[in-house]
Each structure stands twice: as C-alpha cells, then as structure tokens.
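Please look at the model shown here, starting with the ligand and then turning to a set of paired strands.

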Amino acid sequence: MEDSLHLIARRVRDLGVKAEILHGDTTVAEIQALNPVGVILSGSPHSVLEGGPLPDKRVFELGIPVLGICYGHQLMAHLLGGKVQNKENKEFGKEVVSIKKKTGILKGLVAKEVVWFSHGDQATKLPKGFVITASTKTCAHAGFADEKRRFFGIQFHPEVTHTVHGKKIISNFIFGICKAKKDWDMKSVAKNIIADLKKEIGDGHVVVGISGGVDSLVAATLLYKAIGNRLHAVFVDTGLLRKGEVESVSKSLRSQGFKNLHVIDASEMFLSRLVGVIEPEEKRKIIGHSFVEVFEKALTEELKAYPIGYLAQGTIYPDRVESASTSKHSSKIKSHHNLTLPERMKLKIVEPVKDLYKDEVRRVGEELGLPHALVWRHPFPGPGLAIRIVGEITPERLAILREADAVFTEELKLAGEYEKIWQSFAALLPLKVVGVMGDARTYEYIIALRAVDSIDGMSADWHKMPHELLEKISSAIVGKVRGVNRILYDVTQKPPATIEYE
Ligand code: XMP
C-alpha cells in the first residue's frame with residue numbers, strides 16, 4: 001500500500017502540483033498548518049472494520065475538498081455515517097465500471113470505464129448527502145459523491161495505469177475541484193531548495209559524502225549553488241566503485257567550479273580489511289566502519305581548518321516516508337555510513353533532496369546542468385562491488401567484475417535499453433567452471449547479469465531483456481573480459497530474491 005500512496009503523490013506532482021504524504025495520525029492542526037487546497041485519503045491494506053487506521057474525523061470539517069481512494073473511500077463511508085461491509089464478491093483487478101454521474105471528479109469520462117480494483121471491503125450504505133456516481137455489477141457504490149461539500153469517493157485506483165482515465169480523474173480533482181495552482185516544476189523546485197538551503201545554513205560550512213550515486217551528486221550540486229565553496233565534499237574511493245566512477249564524478253563536480261572536493265584513496269585499507277571475509281553482514285560492517293573512520297579522519301585532518309557544522313545526506317522522499325501503519329517521524333537514515341557521524345562529530349543534518357522522488361532528483365539534476373549519463377545512472381549501493389561478489393573479495397575478482405559490469409552497461413546503452421531499466425549490473429559468482437576457447441580448455445568464473453524493473457527497489461521484477469541483446473552482451477563480455485567463460489541472466493523477482501548479490 002505504501003506503493004499506492006507514493007504513486008498517488010507522484011501522479012499529483014506529475015500534474016504540476018505539490019503533494020505530500022501524511023500519516024493517518026496527523027492532527028487536523030498539522031494539516032491546517034500546511035494550508036492544503038485538498039486532501040486525498042488512501043493507503044491501508046487493512047479493513048476499517050478491523051482496526052485499520054482512522055484519521056481525525058475533523059478532516060471533513062476543514063471546508064476543503066476530500067477525495068477518498070479505495071481504503072479512503074471506505075473511510076469516508078465509515079466516518080460520515082454510511083456503512084462498510086466485507087462482501088463475498090470481492091473486487092480485485094481490472095473491472096468495467098458504469099459511470100452514473102459524469103460530474104465532479106468523473107467529468108469527461110465515458111459511460112463504461114476500465115478501472116482497477118484491489119480491496120475486499122465495500123461501502124454498502126451511503127452517508128447522508130451522498131449519491132452514487134459509479135457502480136459495477138457486484139459493487140453498487142464503486143463511486144459516490146457529496147458535491148455540495150466537495151467529498152468524493154472511489155473504490156477503484158485512479159493512480160495505476162490499468163485505470164484508463166485515472167489521470168483524468170486525479171486532474172479533475174486537483175484542478176476542477178480543488179482549483180490547485182501549478183507549483184511543482186523542477187525549475188522552481190530547484191530554485192526553492194537552493195533558497196531554503198541558503199536560509200538554513202547561513203554562513204555555515206557543510207560536508208557531504210559523495211558516493212557516485214545520483215542522489216548525493218544532486219544534493220551536492222544544490223548545496224554548491226546555495227553556499228559555493230563553503231561546501232566540502234569527501235569522496236572516499238573504497239576500491240569497490242564502478243569503472244571510471246571516481247574520475248567521472250570528480251570531473252563533473254570540478255567542471256562546475258567546485259573547489260573543495262577531497263578524493264581520498266582508501267582502497268588499500270578497505271581491501272586489506274576484507275581479505276578472507278566471506279560473510280555478507282561482516283563485509284557490510286567492515287565497509288561501514290571503515291567508511292566512518294576515513295570520513296572522520298578527513299574532517300579532523302584535511303578539513304580541520306573549516307568550521308564545519310553540517311553533514312549533508314542524499315536522503316530522498318521514499319527513504320523518509322514509511323507506510324501509514326508505522327508511526328510518524330520515522331525518518332530513515334539512508335545508509336549505514338552516516339549512522340554514527342552526526343552525533344560523534346556534533347554535526348547537524350541537512351538533506352537537500354529529502355522531498356523528491358528519484359525521477360524528480362534526476363530531473364532537478366538535469367535542470368542544474370549535470371551530465372545526462374551521470375544523472376540517469378542506475379542506483380549503486382554504499383558497499384559497492386563488495387555486495388556483487390559472492391564470497392571473498394580479491395583484487396582479481398574486482399578487476400574482472402568491474403570490466404564485465406562496464407561492458408554490460410555499455411551494451412545496454414548502445415541498444416537504448418539502459419534507461420528502460422531501474423537497475424542493472426554484473427555480479428561475480430565465486431565458482432570456476434570449465435569452458436573451451438580456441439583449442440584450449442578454460443577454467444574461469446561465472447558472471448551473473450542482473451537487470452530489474454522497480455519503482456523504489458523495495459520489490460522488483462526481472463527486466464524482460466530482448467534475447468538478441470542478451471546474446472550480444474554475453475558474447476561481448478566473454479570476448480572482452482579475461483577470466484570469465486560463462487554468463488547467466490537472473491530471472492528471479494524480489495521477493496523472494498533480492499536485487500543485489502551477497
Ligand atoms: P536489495 O539487494 O536489498 O537492494 O534488494 C534494494 C536496493 O537497495 C540498494 N542497496 C543499498 N543501498 N546501501 C545503499 O545505499 C546499502 O547498503 C544497500 N544495500 C542494497 C540496492 O542497490 C537496491 O537498489
């Protein structure tokens with residue numbers, strides 16, 4: 001359901017209007033303080049009849065429009081005096097709904113609409129003042145409205161693409177009903193973030209850890225625009241980065257005029273500490289602790305002369321907003337790297353891209369003039385290639401993996417497939433198998449290729465790669481990378497698998 005909340009927020013933002021996700025226990029005063037033009041209620045897999053979260057009823061007394069989607073639709077019926085029941089004939093998946101009233105949020109729709117349902121309960125009795133606006137054979141109250149009070153409920157999901165006119169419904173609500181003004185385009189978002197950072201930081205100095213990923217790069221660029229060379233970036237070369245990563249990221253930052261970039265080559269330290277380590281959690285711990293150590297050393301040595309008061313992080317919106325059923329204020333820290341730094345170093349945290357989705361971070365990056373190839377780079381985990389080599393990490397294995405990964409990426413880009421994929425990479429399996437090359441038998445490693453489609457990495461499907469492309473990639477890797485004689489393509493979903501290999 002968290003996915004559905006994020007999807008709704010993204011749809012609204014894609015229409016150019018700011019949307020924020022609030023937890024069900026947000027008080028009416030807190031909602032009022034945000035001065036919203038409308039409220040959308042949605043988001044629990046539970047039943048309103050069996051302890052699902054109930055928002056403060058006074059949300060209906062704010063005098064602003066309310067749209068209830070699915071669970072929110074049932075909430076509306078439940079809280080306003082209607083009735084919700086668990087029906088035998090549950091509505092799941094694609095359905096045709098009859099539109100009874102083509103006004104309000106359903107304005108401009110046709111008589112029969114294809115929509116997507118996904119909930120067991122139904123509103124069986126309308127609250128006072130409401131009329132039916134849409135129904136199916138088994139769900140009489142699939143849509144209802146009290147147009148006078150501007151309350152609308154739909155049992156189905158307008159945010160998913162299966163609902164053919166879902167975007168129209170959301171647009172009707174935010175523009176037609178709420179009269180929202182467009183306030184969410186990446187140019188003004190970037191401008192506002194920079195202005196806010198200036199205010200927040202004043203004449204302070206900030207340190208940011210660059211990881212090679214797009215989030216920290218965009219965060220650093222925004223900060224640079226806000227405070228110039230009072231931003232200090234530390235880029236730790238762990239020896240576990242992708243091919244060419246240090247060079248391309250450094251070049252991009254320096255070309256903006258950025259002076260205080262400290263690239264610290266700590267690869268020997270990391271790799272020597274990882275010798276003989278096989279257990280994935282142990283690898284992660286060693287890397288995390290080593291990172292903190294290097295970062296702290298940089299603060300007390302290279303950056304000693306500066307009065308650094310802030311640590312910037314590339315936390316993004318989905319990292320912060322957890323499911324509606326968990327308590328609020330549950331801001332998650334993105335990577336274990338920074339876990340102990342702020343308290344130990346008495347640094348305040350600043351998170352320039354904390355309100356943005358990944359695709360928004362990327363669009364802001366483009367707006368700021370960052371190179372396309374860096375902005376559209378696939379996510380890369382903090383522990384780097386260490387969690388893409390199963391078993392022991394050795395310089396030989398790292399070199400093979402780095403090359404194989406670079407060839408894979410290059411082929412995907414050449415084929416125009418790269419940007420269709422959420423995340424792709426090569427992983428090395430610590431097995432040597434027999435092969436034949438020319439007249440000779442070989443005994444080399446297996447490379448597994450992973451490419452997944454996902455929204456946020458929480459769940460993922462394997463990317464349906466064209467077979468011809470897979471064949472080309474496989475030949476290219478075996479042909480160009482010494483030490484590999486077999487290529488596997490991973491066709492498992494997450495769950496049950498994970499995205500990374502450890
Ligand atoms: P898994 O392998 O858990 O990965 O399915 C889900 C997503 O998270 C990324 N990932 C990490 N990112 N530090 C990070 O910054 C980490 O320790 C880490 N572990 C996994 C992974 O690349 C995928 O996008």
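The shell around the ligand is made up of 4 nonpolar, 5 polar and 3 charged residues; Ala, Val, Leu, Ile, Met, Phe, Trp, Tyr, Cys and Pro count as nonpolar, Asp, Glu, Lys and Arg as charged, and the others, Gly among them, as polar. This is a predicted model, in which local features need pLDDT of at least 70 and side-chain atom pairs count only at pLDDT 80 or more, while totals for chains, interfaces and linings use all residues. Residues are numbered from 1 along each chain as its sequence is written, and side-chain values use heavy atoms, with hydrogens and water left out.

Arg284, Gln423, Lys494, Ile499 and Glu500 come nearest among the 12 residues around the ligand (a heavy atom within 4 Å). From Ile499 a polar backbone atom lies 2.7 Å from an oxygen atom of the ligand. The protein buries 77% of the 500 Å² that the ligand exposes when taken alone (Shrake-Rupley method, 1.4 Å probe).

Now to the strands (DSSP runs of at least two residues, numbered from the N terminus). Strand E6, residues 143–146, pairs antiparallel with E5, residues 131–135, over 3 bridges (pairing needs at least two DSSP bridges). Ala145 in E6 is the bridge partner of Val131. E6 is also joined to E7, residues 151–154, by 4 antiparallel bridges, with Gly143 opposite Ile154. The hairpin of E6 and E7 has 4 residues between the strands, and Arg150 there takes a positive phi near 60°.

In a regular strand, side chains alternate between the two faces of the sheet. In E6, Gly143 and Ala145 on one side and Phe144 and Asp146 on the other are all buried (under 20% relative accessible area, 1.4 Å probe, protein chains only).

Conventions: Buried means under 20% relative accessible area, exposed over 50%, partly exposed in between (1.4 Å probe, protein chains only). A polar contact is a pair of N or O atoms within 3.5 Å; within protein, one must be able to donate a hydrogen and the other to accept it, and residues adjacent in sequence count only if both atoms are side-chain atoms.
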